[in-house]
Amino acid sequence: MSLFTRTRQLPDTTGGEKDADGGGATGEDVTEEVVQEPGATETAEATEAAESPRPGWFGWRRRYPRTARGVSVGTSVLAGLLVLLVLLFPNRLDHMNLRSFLRLPVEAIVIAAVLLVLPPKARRIAAVAFGVFLGLFTVLKFLDMGFYQTLARPFDLVFDWIMLGNATDWLRESFGRTGEVLAVTGAIVLFVALLALSTWATVRLTDVMSRHRPQAVGTTLVLGTVWVTCFTVGVQFGGVSFATKGNTEFLANRVQHVRNGLGDAKVFEKESAVDAFAATPPDQLLTGLRGKDVLFTFIESYGRVAIDDPAMAPEMDATLKKGDATLKSAGFASRSGWLRSPVTGAGSWMAHSTFLSGLWVKNQQRYLNLTSSDRATLTSYFQKTGDWRTVGIVPGVRKSWPEGKYFGLDHIYDSTHLGYKGPYFSWTPVPDQFSLEAFQKLEHGKKNRDPIMAEIILASSHNPWSPIAHTIDWNDLGDGSVFEQIKKEGTNPTEVWKSQERVRTEYRKAIQYSVDSLTQWMQRYGDKNTVLVFLGDHQPVPTVTKGSTSRDVPVTIVAKDPKVLDRVADWHWTDGLKPADNAPEWGMDKFRDRFMTAFAK
């Protein structure tokens, strides 16, 4: 039995009053013994705490108890909705609809059950851990959303971190330093907010369940029963299953992708060791092209959509027919087919290295492993013969590019070595027409030179396709200053990207400009010893393709010497610059060996 004493003042029975200064009492101070049952003190304190709301800021809870009660209920409901939203939020914009949120996630029931069975201290720790996990889970979904919008695939937890740096570079070049800073700052704020809000919401709900444990247990059991029943029966609303375990499947797939990614290096190493031409003597390589200038030219984002999409086809058909006429007037013929790229939306360097190495370079780790290996590429085989000077025209390169040596290029001309003094066109440092003219002046137009093998990257059709250049008289190119006025007359990328149809229109115009520049250059400077192979590196972003899953890009061989095209007659490619719908489609990694076989002897 617990005993305690407290002092209280009894009423003054004599009617006396306190001294005027309030210094004492006129009644007697007595000591009263209070006897309480075991645990009564704790019960009384808990009851008092429950009946008296916490004071809150400046005691507002006591002054406004009804409002405080409403705020408490409202924040609890908000926390519940937030957790439910996190669990139901899709990782793709095209899956964002009302039906996605009219589902019951099993993960919410499991989390509630785990929290209810844990002791108080462990429950609090688990609540924080669950909250942080849900926040990170949501961040991953947002990353997926961005990658689906640009690369038509989810974020790779093993290989894609370097792509975030590339994204900031693209933002800076496309929208300026301010746009980059605002975007990065917004991403950081969103990241912190998601972690904080999800953690707060989980802890809040845990406190509510602890205070109302019987009701929480009963509700969890009912929801669990409902989920099992609906899942077993297959209840659906609008074609969407009501009982979902999508988050569990999502995480299981990610774990498997991570495991596959970690083991991919060994798989790629085995593939790299197989090279049908590794032991071929140099004097037996590419003998069918000796004395020819061979140009491998990539047109950025030149994908099948530019040719097949009904909204773009009429204009592109006109451009390709015009290109055919231009080439035929100069005595050239051409054949075209399809290649399937390992990437879509972005990642040009992986497509380039796939085409040149004969290996399927589908992620950054493969690219890094390839460029640090001794695997020979199509370009390095030209160098190996000793009969060609190998050069690279890479206007998109604006900083150190050590991988360039791997590709067997004797000399590389990046954006700072082409003599261009004009403006950038958003991401594009040098307009395609100027890049081709610079190649003519720096290499192709020299007299008494060796045959040239050139890798040329045309970057004017790079995202965001605004503003774009247009072809002008080749004699007016000068140092590129003429493009200042052309850029001023162009479109603003911020305005263009407010409309999907405007983006698609500007994309199509950019591809037309690149093709026009290339065919005009061939007419102007090509001769009987010029062999041009040009292709797209990948399809554009889903904003342009409208969600198409095709990864096909057109590829074309142009030559004046009929013997060159005779060697690829068994490829059954389509005559002209436009491949037929049913033209052969190869993986981009198959081109190297087929090309080298065709011109081996």
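Which residues does Cys230 touch, not counting residues up to four places away in sequence? Cys230 touches Val235, Phe242 and Ala243, where contact means heavy atoms within 4.5 Å. This is a predicted model, in which local features need pLDDT of at least 70 and side-chain atom pairs count only at pLDDT 80 or more, while totals for chains, interfaces and linings use all residues. Residues are numbered from 1 along each chain as its sequence is written, and side-chain values use heavy atoms, with hydrogens and water left out.

**The protein as a whole**

- Cys230 is found in helix H7, and it counts as buried because its relative accessibility is 13%.
- Cys230 and Ala243 are 13 residues apart in sequence, and their C-alpha atoms are 5.8 Å apart in space.
- The axes of helix H4 (residues 106–117) and helix H7 (residues 213–233) come within 10 Å and cross at roughly 145°; axes here are lines fitted to C-alpha atoms, for helices over the stretch in contact, and angles run from 0 to 180 degrees between N-to-C directions.
- The contact is made from the H4 side by Val106, Ile109, Ala112, Ala113 and Leu116, and from the H7 side by residues including Arg213, Ala216, Leu223 and Trp227.
- The residues of this contact between H4 and H7 divide into 9 nonpolar, 2 polar and 1 charged, where Ala, Val, Leu, Ile, Met, Phe, Trp, Tyr, Cys and Pro count as nonpolar, Asp, Glu, Lys and Arg as charged, and the others, Gly among them, as polar.

**Nonpolar cores**

- Of the 54 residues in the largest nonpolar core, Tyr302, Phe439 and Phe483 touch the most other members; such a core is a set of buried Ala, Val, Leu, Ile, Met, Phe, Trp, Tyr and Cys residues joined through side-chain atoms within 4.5 Å.
- The largest share of this core, 10 residues, comes from helix H17 (residues 500–525).
- A second, separate core of 49 residues includes Phe296, Phe298, Phe382 and Trp571.

- Val555 lies in strand E13 (residues 552–559) and counts as buried because its relative accessibility is 0%.
- Although Val555 and Phe298 are 257 residues apart in sequence, their C-alpha atoms are 9.3 Å apart in space.
- Not counting residues up to four places away in sequence, Val555 touches several residues, among them Trp338, Leu339, Phe534 and Trp573.
- Ser415 sits in the loop between strand E10 (411–414) and helix H14 (432–444), and it is buried because its relative accessible area is 10%.
- The side chain of Ser415 reaches the backbone oxygen of Val397 at 3.1 Å.

**Helix H11**

- Helix H11 (residues 348–357) is mostly covered, since 9 of its 10 residues are buried, including Met350, His352, Phe355 and Leu356.
- Just after H11, Gly358 takes a positive phi of about 75°.

How values were computed
Helices (H or I, at least four residues) and strands (E, at least two) are DSSP runs, numbered from the N terminus. Buried means under 20% relative accessible area, exposed over 50%, partly exposed in between (1.4 Å probe, protein chains only). A polar contact is a pair of N or O atoms within 3.5 Å; within protein, one must be able to donate a hydrogen and the other to accept it, and residues adjacent in sequence count only if both atoms are side-chain atoms.
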